[in-house]
Amino acid sequence: MRVSVAFAQLAAASASQEAAAANPIRRVVNMLQGIQAKLEEEAKTAESMFEKFQCYCQSNEKKLEKSIEDAATAITRLEASIDSTAAEKKQTEADLKTHKEERAAAKSAIEEATSMRSKENADFSAESGDLKANIGALNEAIPAIEKGMAGSFLQTQAGSQLSKIAEVSMQLTDGQKSELQAFLQGTSEYAPASGQIVGILKTMKDEMEANLAEITKAENESATAHNGMVAAKNSEIAASTQAIEEKTGRAGDLAVKVVTEKNDLKETIETKEADEKFLAGLKQDCEQTAKDQEASKAARATELVAIADTIKMLNSDEALELFKKTLPSPSLMQVTESQRAVRVRAMQALRKSPRSTATDMVLMALNGKKQGFEEVIAMVDKMVASLKKEQQDDDEKKAYCESELDKTEDEAKELHNDISTLETRVDSLQQEIESTTAEIKELAQSIKDLDKAV
């Protein structure tokens, strides 16, 4: 609303045309004072609303900035943790592969050693069995020959066995083999006193016993070494199996951790972006509202100054004298002169006021000289109607601002509800993660039990 001192001049002129009216100056002053009071009230209301809006802006800006800062810190921490966890998971999987290979190698070594040991034991059993059989035959032959029972002995199984020993023996010379075979076949006479054959047989027996003792010792040493190797490999297998179980469980935990942290990172980034977008919009709205408030305050201050100046002028003694001169009692010349003076002062005031189409039209009417103040007053009435229309627009704008403020507060409440919903969702996902982790641990325990069974 724009009011200038020119309205006071025009009001004074209208008073000169209405001699019968009772104190027209007071009527105009009352109207201007009413407008002044209304503007002051609106200024207080607008300032109170603006202060509340500024409080809302500052409070939410701080909350959003703190949320964005915390999100940025969380993003950095999560990214570092994901990299670290992924690297540990990779190393754990590599260690797990190594432990499985070591366990497989230990089992293969046991199988190979056991197979070789079985073969060695079979060879020993066969060789020791032959030596024991030969020694047994010699043990029967030597006493029989010493007692002169060679003929009857040769008919026994031991005698037949002794003949075979003589053929393959490596301890006898060819001459000894021939002599022994001749004795066993009965083609030579035996002189017990000479003891030559008995000596040969005893020598064979001693050598066989020595061979048996030697291969028995070697067999025992080989068996001991094999058992020690198997025990060591079994220890390696047990250690590898325990490491495999631990690494399997750890790899599962790390996999769950990586997935969880990636989900947390994604949600944190989305929340940060949403907060940044909302903060940018909030700052823009707050800045624009502040600019609008300053412009509105400046315009309202100008209007109040103009109204105050007009009221002061109308209440002055000079204005009172002017209206007295416009009363019907003076001469026509005095009235005309008073009207001319009022016209000049009104034109001067209008030229000092802000330019507008309405003021230009009033100036044109005053310059025309032929038109009376009735038409000028009609123009002033139109300007008053226009000012009322502007006031109505200001009221509608105020209502719109209040509506937008309420809408913004509702959006803030919705955002708070969305945050609560997301927190509930996070709790639900956390429970799912805990459930999945428990299942992984049960699976790892099953694998552990299976490995023990194998």
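**Exercise 1. Find which residues form the negative surface patch, and which helix gives the most to it.**

Step 1. Start with the rule: a patch joins residues with over 30% relative accessible area and no salt bridge, like charges being joined within 9 Å and nonpolar side chains (Val, Leu, Ile, Met, Phe, Trp, Tyr) within 5 Å. Asp and Glu count as negative, Lys and Arg as positive, while His and the chain ends are not counted. A charge is placed at NZ of Lys, CZ of Arg, CG of Asp or CD of Glu.

Step 2. The members are D285, E402, D406, E409, D410, E411, E414 and D418.

Step 3. Helix α10 (residues 373–453) gives the most, with 7 residues; helices are DSSP runs of H or I with at least four residues, numbered from the N terminus. D418 sits in helix α10.

Step 4. D418 counts as partly exposed because its relative accessibility is 45%; buried means under 20%, exposed over 50%, and partly exposed in between (Shrake-Rupley areas, 1.4 Å probe, protein chains only).

A word on the model: it is predicted, so local features need pLDDT of at least 70 and side-chain atom pairs pLDDT 80 or more, while totals for chains, interfaces and linings use all residues. Residues are numbered from 1 along each chain as its sequence is written, and side-chain values use heavy atoms, without hydrogens or water.

**Exercise 2. Work out which residues touch the most other members of the largest nonpolar core.**

Step 1. A nonpolar core is a set of buried Ala, Val, Leu, Ile, Met, Phe, Trp, Tyr and Cys residues joined through side-chain atoms within 4.5 Å.

Step 2. Among its 15 residues, L201, M204 and M208 touch the most other members. Helices α2 (24–146) and α6 (196–314) each supply at least two residues, and α6 gives the most, with 8.

Step 3. A separate second core of 10 residues includes Y56, L64, I68 and L405.

**Exercise 3. Describe the salt bridge between K297 and E47, then the one between E120 and R117.**

Step 1. A salt bridge is a side-chain nitrogen of Lys or Arg within 4 Å of a carboxyl oxygen of Asp or Glu; the structure holds 11.

Step 2. For K297 and E47, the closest N and O atoms are 3.9 Å apart. This pair links distant parts of the chain, K297 in helix α6 and E47 in helix α2, 250 residues apart.

Step 3. For E120 and R117, the closest N and O atoms are 3.4 Å apart. They are separated by about one helical turn, because they lie 3 residues apart in helix α2. R117 is buried at 9%, whereas E120 is partly exposed at 33%.
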